[in-house]
Amino acid sequence: MMATEQNVNNPRRKILFTAVATTCIESGFFSADKPALETLTEILQSYISEIGRSSRAFTELACRSEPLVGDVVMALVEMGFNVESLIAFSKTPNRITLPTPSNMAAPQTPKILQAGVKHGHPSYIADHYPSFPDPHAYIRTPTHKQPITEYYAIREKAASQKRDVERALTRFVAKTGDTQLLFNDETSLFPLIACKPIPHPYLSALLPKDQMFEEEEEERKESKRTKAENQTTQDDNSLQKKDEFEVEAIDNPYLRSPNKKMKVK
């Protein structure tokens with residue numbers, strides 16, 4: 001695919017393609033498939049390349065650097081081409097003349113990415129030495145943005161983050177919990193978080209509550225939890241001491257049962 005695209009963009013290839021098509025018209029053809037023309041163009045290109053290679057070989061054999069007409073004639077004769085047929089072909093009437101090929105645009109070399117402005121050599125360095133690299137290679141340059149300190153920008157960013165968090169939590173609750181639908185046909189369109197029914201919703205408004213009492217209640221619960229943990233720890237320590245005492249009692253020879261008798265040698 002890449003080779004085909006290069007051939008299409010190559011002006012020399014276009015001229016060869018036009019020459020092959022012109023030759024086919026002069027030979028009596030009215031139409032031709034593009035793959036067939038591409039094959040003939042490839043053959044013509046190989047033929048011309050071989051003529052050039054042979055002409056160069058004859059030129060170098062004669063100790064010359066530029067080929068002459070005799071070198072080209074010798075190359076054609078070596079390839080089995082009848083040179084006299086060229087004279088008859090040149091005298092053929094109503095020949096189609098190809099236009100002069102246009103000059104191929106020079107390929108543009110990609111520019112090297114340059115960061116900053118390069119500095120010249122100081123007075124004590126000769127000009128024939130290589131130039132300095134980009135400044136970022138040997139000069140410290142900050143690569144991070146300065147933090148935002150404007151009050152308006154910080155408030156706006158905090159509000160957007162809060163809004164994003166609320167939206168994400170709402171979607172999470174809607175996907176993981178019970179939901180109610182606005183439209184019965186569409187199950188995934190506008191899901192609403194289902195309201196959990198409370199048997200007596202008015203009690204929370206009638207019962208008096210104060211922040212001080214709530215703190216005292218939390219402290220009372222925390223003290224009960226601490227006492228329960230301490231009691232559990234004490235029970236574990238007492239069991240551990242009891243087990244250690246039993247092990248020491250068994251290992252002590254003075255506390256063994258009297259049924260066991262010492263062996264006398």
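Helices (H or I, at least four residues) and strands (E, at least two) are DSSP runs, numbered from the N terminus. The model is predicted: local features need a pLDDT of at least 70, side-chain atom pairs count only at pLDDT 80 or more, and totals for chains, interfaces and linings use all residues. Residues are numbered from 1 along each chain as its sequence is written, and side-chain values use heavy atoms, with hydrogens and water left out.

View 1. Along the sequence the elements follow the pattern α-α-α-α-α-α-β-β-α-α. The mean pLDDT (the predictor's confidence in each residue, from 0 to 100) is 77 for the chain, and 77% of the residues score at least 70. Confidence is lowest in helix H1 (residues 2-9), with a mean of 53, and highest in H3, with a mean of 90. Of the 265 residues, 7% count as buried; buried means under 20% relative accessible area, exposed over 50%, and partly exposed in between (1.4 Å probe, protein chains only). The chain exposes about 24,900 Å², of which carbon and sulfur atoms supply 59%. These areas come from the Shrake-Rupley method with a 1.4 Å probe; for residues, only the protein chains shown count as cover. Among contacts (heavy atoms within 4.5 Å) with a separation of 6 or more, 29% are between residues 24 or more positions apart.

**View 2. Helix H3 and the helices against which its buried residues pack.** The end C-alpha atoms of H3 are 41 Å apart, which agrees with the 40 Å that its 28 residues should span at 1.5 Å a residue. The expected span is 1.5 Å times one less than the number of residues in the helix. Leu37, Thr41, Ile51, Ser54, Ser55 and Thr59 are the residues of H3 that are buried. The packing partners of the buried H3 residues are H2 and helix H4 (69-78).

**View 3. Leu40 in helix H3.** Leu40 is partly exposed, at a relative accessible area of 38%. Neighbours within four places in sequence left aside, Leu40 is in contact with Val20 and Cys24. Ala21 is 19 residues from Leu40 in sequence, and their C-alpha atoms are 9.2 Å apart in space.

**View 4. The salt-bridge network of Arg13, Glu38 and Glu42.** Side chains of opposite charge can pair when their charged atoms come close. A salt bridge is a side-chain nitrogen of Lys or Arg within 4 Å of a carboxyl oxygen of Asp or Glu, and the whole structure has six of them. Arg13 and Glu38 meet at 3.3 Å, N to O. This pair links distant parts of the chain, with Arg13 in helix H2 (residues 11-26) and Glu38 in helix H3 (residues 34-61), 25 residues apart. Between Glu42 and Arg13 the closest N and O atoms are 2.9 Å apart. The second pair also links distant parts of the chain, H3 through Glu42 and H2 through Arg13, 29 residues apart. Arg13 counts as buried, at 9% relative accessibility. Glu38 is partly exposed at 28%, and Glu42 is partly exposed at 38%.

**View 5. The salt bridge between Glu60 and Arg56.** The N to O distance of the pair is 3.1 Å. Glu60 and Arg56 are four residues apart in helix H3, so about one helical turn separates them. Arg56 is exposed, with a relative accessible area of 58%, whereas Glu60 is partly exposed, at 48%.

**View 6. Cys63, in the loop between H3 and H4.** Most residues other than glycine have a negative phi. Cys63, which follows H3, has a positive phi, near 60°, although it is not a glycine. At 73% relative accessibility, Cys63 counts as exposed.

**View 7. A nonpolar surface patch of Leu182, Phe183, Phe190 and Leu192.** Together the four residues have about 400 Å² of accessible area. Leu182 lies in the loop between strand E1 (179-181) and strand E2 (191-193). Patches are made of residues with over 30% relative accessible area and no salt bridge, like charges being joined within 9 Å and nonpolar side chains (Val, Leu, Ile, Met, Phe, Trp, Tyr) within 5 Å.
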